[in-house]
Amino acid sequence: MNVPASWYLILAAVLFGIGAFGLLTRRSALIMFMCIELMLNAVNLTFVTFARTLSDIGGQATVFFVMVVAAAEVTVGLGIVVAVFRRRSSTSVDELSELKG
Amino acid sequence: MDQYLPILGLLLLGVLFASGSLVASAWLAPHKRPTDAKLAPYECGIVPESEPPQRFPVRFYLVAMIFVIFDIEVVFMYPFAVVFRQLHVFGLIEILTFSLTVFAALVFLVSEGALQWGPVKYLTPGMPERTSSSTIVRIGRDDPEQAA
Amino acid sequence: MTTVPVVSSSITIPSIHYLAILPVIILLGASVVLVFATALVRTKVTQFVASSVTVAASVAVLVVTYFQWRCLDSSGPSTTIAHAIVLDGFSVVATGVVAVSLLMATLVAHDWALRERIVGAEYQILALAASAGAVLMTQANDLVVIFLGLEILSLGLYVLVAFDRHRHTSAEAALKYFLLGGFASAIFIYGAALVYGATGSTNLSTMSYFLASNVLTHPGLLYAGFALLIVGFSFKIAAVPFHLWSPDVYEGAPTPVTGFMASIVKVGAFAAFVRVLISALGTQIDTWRPILWVLVVLTTVVGASVALLQRNAKRMLAYSSINHAGFILLGIWAGTTRGVASTLFYIVTYAPTVVATFAVVTLVGGLGDENHSIGGYRGLARRQPWLGASMCVLLLSQLGAPLTSGFYAKYSVLASTIDVGGSPLALIALLSAAIAACFYLRWSSALYSDEPVEATRIVVPLSTGIVIGVGVAMTLVFGIWPGPLVTLCQHATLLFTP
């Protein structure tokens with residue numbers, strides 16, 4: 001069975017859209033992280049799909065870098081969240097709603 | 001079909017190892033019937049009446065974060081391993097430089113005590129202390145008659 | 001169905017021009033050395049040692065840029081590491097600016113760390129790494145390398161913003177910066193992915209050749225891609241309407257970090273922005289110009305008018321920097337060689353000015369970094385003539401007053417805009433400068449107000465004093481005698497122009 005490349009691209013675009021929408025509407029910092037991760041993974045899917053249609057290994061190599069950046073972002077982000085929550089001595093993410101910009 | 005043989009072998013090996021471990025542990029372990037007391041989270045003390053609170057200490061997140069970083073570094077090791085022979089000395093120097101940088105992070109973490117487990121009060125001096133009075137108050141509020 | 005090519009048995013290792021990547025190596029190397037020192041030395045690394053290493057690294061980078069410039073003179077601009085890194089006049093000058101910003105910001109942060117009793121070398125480690133990211137962005141000739149530089153820069157800054165443990169706002173500002181910065185990065189890299197799909201490469205020069213030699217039948221993918229790239233960059237440079245994070249982060253971050261951030265992010269992000277729009281998408285100028293037109297108008301006008309309402313010095317400077325971002329965008333909008341040169345001149349003069357301005361703000365902020373109302377500046381020049389006069393000069397330079405570097409910077413971007421028929425745009429920008437003049441002048445006159453104010457004398461530590469002095473000197477020298485710097489910026493051209 002042969003799935004056309006455009007399906008993957010549309011899936012990636014939808015995933016990216018869900019991520020962006022979630023980031024803009026959700027009030028919880030942790031869910032906003034997940035949305036950023038979702039967006040980055042949609043980007044990975046796009047890169048891999050294009051690498052395949054273009055027969056270019058470069059797109060696949062890029063995915064490695066994006067993955068590493070995503071991991072680094074998660075670490076720094078969680079570190080900041082922990083720093084904020086320690087100060088408030090509570091893990092309730094609802095209290096962060098003041099911060100939303 | 002031939003090219004899938006190693007995968008089949010690996011699958012077989014995995015199943016064998018998993019079942020083997022289960023059988024071995026059942027066979028070798030001392031046979032003792034579990035009792036209610038043994039299944040309780042604490043073998044002595046007050047019998048818990050509700051589920052323990054689902055809150056993890058911050059340290060779990062810290063370790064998870066550290067794990068994620070070092071886990072993802074391996075992503076670069078795999079492509080390197082594939083083309084290791086073609087890259088000659090240059091590749092070796094590159095990967096050593098890369099590993100050195102990652103190692104610097106590890107050494108830093110160890111020196112900061114991020115990988116030490118133990119009583120929380122030694123690790124994070126900034127945390128609010130749990131004193132005996134706060135604990136007594138809590139038990140007393142939960143069930144005054146039992147506490148008395 | 002096409003198949004992915006299998007890795008061939010022989011790999012050609014790309015040639016590496018070590019002189020080109022030496023600045024990045026020095027900065028990252030110094031950072032790693034400090035990490036090892038922090039971990040292995042039994043006693044805490046003192047601020048003096050950490051700052052000395054950082055200063056030495058930035059001086060070394062400045063020396064390297066001198067040799068890079070000489071190399072350019074003899075053998076011309078070049079690309080290296082499979083065309084991913086470029087060595088041209090633009091990158092060399094921008095690298096120099098990053099090094100100067102790092103040097104000045106480190107000296108300010110040194111005194112700040114002593115004042116706030118911060119121990120350890122973490123600040124310097126992160127500042128060095130962030131600078132390496134900025135340098136990488138100025139040299140990048142590939143969207144992926146730009147992305148990596150952007151992330152190295154941003155990740156370092158997220159942590160630096162959260163560095164002040166005594167104030168609630170610091171960590172909250174960091175969280176806000178992180179969430180919006182991560183969003184911007186994701187948008188940027190998605191744009192890169194779409195452009196890659198449309199042109200078949202993430203390399204800027206390959207992209208440029210492809211676009212020059214082919215006519216796309218379905219340009220939708222490409223347009224969507226570079227619209228996303230522009231949005232991503234706009235977030236980073238805080239162009240309106242993507243500026244919402246900037247005032248809060250400027251206010252929440254420790255003041256020396258704010259100064260560092262204001263200079264270094266502008267240098268890195270604008271250098272990469274210029275390269276993407278002019279080098280890679282130069283053939284599409286008619287498509288991206290209208291987008292930039294709207295951005296410039298919104299950024300200059302909103303930045304200047306909202307700044308008028310602010311009562312907090314750091315917030316006001318944040319909106320002022322938004323206004324400046326609009327002006328820098330003007331040079332890119334022009335899209336000509338002259339426009340690029342004027343953008344570079346603007347960045348070169350703006351970076352030291354803003355670091356020195358925040359150095360004064362750091363001193364006035366006092367212990368705890370809390371005292372940032374404009375009222376705190378009342379009569380400063382009466383009590384301490386030198387400090388007050390320096391602040392006055394720095395503010396006037398940001399205003400664009402004659403005899404300061406800000407004047408020629410504004411003049412050159414406006415002139416390059418008018419050159420290509422952008423008179424209405426130049427007029428709007430000039431109008432915003434007039435609005436901005438109100439708050440700069442209000443602030444400057446507060447410095448010289450006669451009202452007796454209960455205030456303690458501000459102690460000016462040596463290295464912060466040097467930074468303020470150097471900042472003022474650069475502002476005045478380049479303002480009175482801009483000739484050599486203008487020539488330098490005109491010679492510092494991009495390697496690839498359409």
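In which loop of chain C is C:Pro241 found? C:Pro241 sits in the loop between α8 (220-237) and α9 (245-252) of chain C, where helices are DSSP runs of H or I with at least four residues and strands are runs of E with at least two, numbered from the N terminus. A cis peptide bond, with omega about 5 degrees, links C:Val240 to C:Pro241.

The model is a predicted one, in which local features need pLDDT of at least 70 and side-chain atom pairs count only at pLDDT 80 or more, while totals for chains, interfaces and linings use all residues. Residues are numbered from 1 along each chain as its sequence is written, and chains are lettered from A and ligands numbered from 1 in the order in which they are written.

Two further loops of chain C hold residues with positive phi. C:Ala82, in the loop between β1 (78-80) and β2 (85-87), has a phi of about 55 degrees although it is not a glycine. C:Leu403, in the loop between α15 (385-399) and α16 (405-419), has a phi near 70 degrees. C:Ala82 is partly exposed, with 15 other C-beta atoms within 10 Å (buried means 20 or more such atoms, exposed 12 or fewer, partly exposed in between, with C-beta atoms placed from the backbone). C:Leu403 is also partly exposed, with 14. In α5(C), by contrast, 19 of its 19 residues are buried.

Turning to the contact between chains, 36 residues come from chain A and 33 residues from chain C, counting residues whose C-beta atoms, placed from the backbone, lie within 7 Å. On the chain A side, α3(A) gives the largest share, 16 residues.

Methods. Two residues are in contact if their C-beta atoms, placed from the backbone, lie within 7 Å.
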